[in-house]
Amino acid sequence: MRAFKRDIDALEKLYEGRRVFFGELHDHASTGGTSDGGRTLDQWLAAMEVLGLDFAAILDHRQVRHMYLPQWKDGVFLGGTEPGTKIADSTADHPFLHYNMIFEGPKPLEELLEKFEEFKFEGGSEGHFTYPKFTRERFCELISYVNDHGGFFVHPHPKQVMVSNDPLDYWFCDNTGIEVFYNRPESKYSEDDYRLWVELLSLGKRVWACAGGDLHCCASNKCLTSVFAAEKKNGEYLKSLRVGDFVCGGVAMKMCIGDTAMGSSCSFDGKRLVVGVDSFHESLRDPVHRFKLVIYADKDIVLEKKISCTEKSYVAIDCDATVKFYRAEVIDTSRDLRIAVGNPIWND
């Protein structure tokens with residue numbers, strides 16, 4: 001019991017000074033210009049309060065003007081855009097994809113659009129841009145630029161746009177996100193995208209599981225992201241998002257091996273894995289339902305534990321130094337539904 005208490009104390013110390021924020025990481029609004037959302041930012045604000053959302057990433061197409069509107073609020077609306085691109089030298093049957101580039105504010109995005117002339121960005125808050133064609137090498141340069149300039153890159157709804165039987169066609173760089181929950185956790189889209197992510201993990205790719213509702217006509221809390229941050233500010237969210245220390249789903253989980261949190265890597269030799277389920281979003285707290293925490297070592301389940309949606313739960317195990325990664329999920333066993341996917345910790 002003393003060792004287990006030390007495990008819990010070490011986990012909580014790692015997340016000390018941060019609290020959970022629940023939000024949506026892929027949305028669109030009606031903001032004029034080339035936007036195609038059905039709700040204004042004012043309507044989004046009202047809906048978010050009702051739904052218990054702390055933040056939403058508004059990623060309007062072909063423009064940056066949404067981040068200059070007076071209703072825009074730091075910590076409430078994460079900024080960015082969702083372009084589309086054809087990969088000219090891809091082996092995919094349909095080599096077209098969308099991608100989300102998320103930033104703290106508009107300036108870094110504008111600088112990116114100007115640097116990559118393929119976008120033909122007109123400049124300024126009212127400036128539009130086109131959907132370019134990239135080679136795979138050039139597209140990886142774009143991703144590197146996003147990562148190097150404070151942004152977060154996600155491949156959204158991968159199986160719903162690109163068509164390929166090769167999972168590697170959907171992967172471009174490690175330390176990026178791929179949408180595993182799309183629209184809602186129980187959708188057929190989520191089943192397909194989760195399977196793709198698991199395949200990429202088995203191939204040694206270090207990509208993070210993301211959630212996105214891709215909401216246009218209304219707000220929803222069906223496809224949440226859980227982020228621990230010090231403050232309700234975009235910059236604080238991005239600190240966790242950019243290192244993979246977040247949960248795809250509406251259950252706030254913490255995980256560490258030594259002083260390494262989920263999304264990162266360390267040596268497993270002689271260390272302990274500790275996982276804590278901190279809290280459920282209000283939309284998932286159903287006392288009639290039953291839940292369990294599942295721990296994976298690579299593709300195998302190594303631990304299952306019944307948990308409550310109203311109380312904190314912890315587990316700890318000795319690490320196997322031959323395992324490539326550990327990760328955790330929460331299952332609503334009453335619905336046989338995966339409702340949260342934590343990002344792995346990889347073995348270096």
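**Exercise 1. Determine how far strand β17 is enclosed, and identify its partner strands.**

Step 1. In β17, 6 of the 7 residues are buried, so the strand is largely enclosed by the rest of the structure. Buried denotes a relative accessible area under 20%, exposed over 50%, and partly exposed in between, with a 1.4 Å probe and protein chains only. Strands (E, at least two residues) and helices (H or I, at least four) are DSSP runs numbered from the N terminus.

The model is predicted: local features need pLDDT of at least 70, side-chain atom pairs count only at pLDDT 80 or more, and totals for chains, interfaces and linings use all residues. Residues are numbered from 1 along each chain as its sequence is written, and side-chain values use heavy atoms, with hydrogens and water left out.

Step 2. Strand β18 (residues 300–307) runs antiparallel to β17 and is joined to it by 7 bridges; pairing requires that DSSP find at least two bridges between two strands. Within this pair, Tyr296 has Ile301 as its bridge partner.

Step 3. The two strands form a hairpin with 2 residues between them, and Asp298 in the turn has a positive phi of about 55°.

Step 4. Strand β20 (residues 325–332) is likewise antiparallel to β17, through 7 bridges. Here Leu293 is partnered by Val330.

**Exercise 2. Place His281 in the fold and describe its surroundings.**

Step 1. His281 belongs to the loop between β16 (272–280) and β17 (291–297). Its relative accessible area is 2%, which means that His281 is buried.

Step 2. Beyond neighbours within four places in sequence, His281 is in contact (heavy atoms within 4.5 Å) with Phe22, Leu51, Gly52, Asn221, Leu224 and Gly250.

Step 3. For Gly52, the backbone oxygen lies 2.9 Å from a polar atom of the His281 side chain. For Leu224, 57 residues away along the chain, the C-alpha separation from His281 is 8.7 Å.

**Exercise 3. Characterise the position of His61.**

Step 1. The loop between β2 (55–58) and β3 (77–81) holds His61, and this residue is buried, with a relative accessible area of 9%.

Step 2. Not counting residues up to four places away in sequence, His61 touches His28, Thr34, Asp36, Thr81, Glu82, Tyr131 and His216.

Step 3. The side chains of His61 and Tyr131 are joined by a polar contact of 3.0 Å. Such a contact is a pair of N or O atoms within 3.5 Å; within protein, one must be able to donate a hydrogen and the other to accept it, and residues adjacent in sequence count only if both atoms are side-chain atoms.
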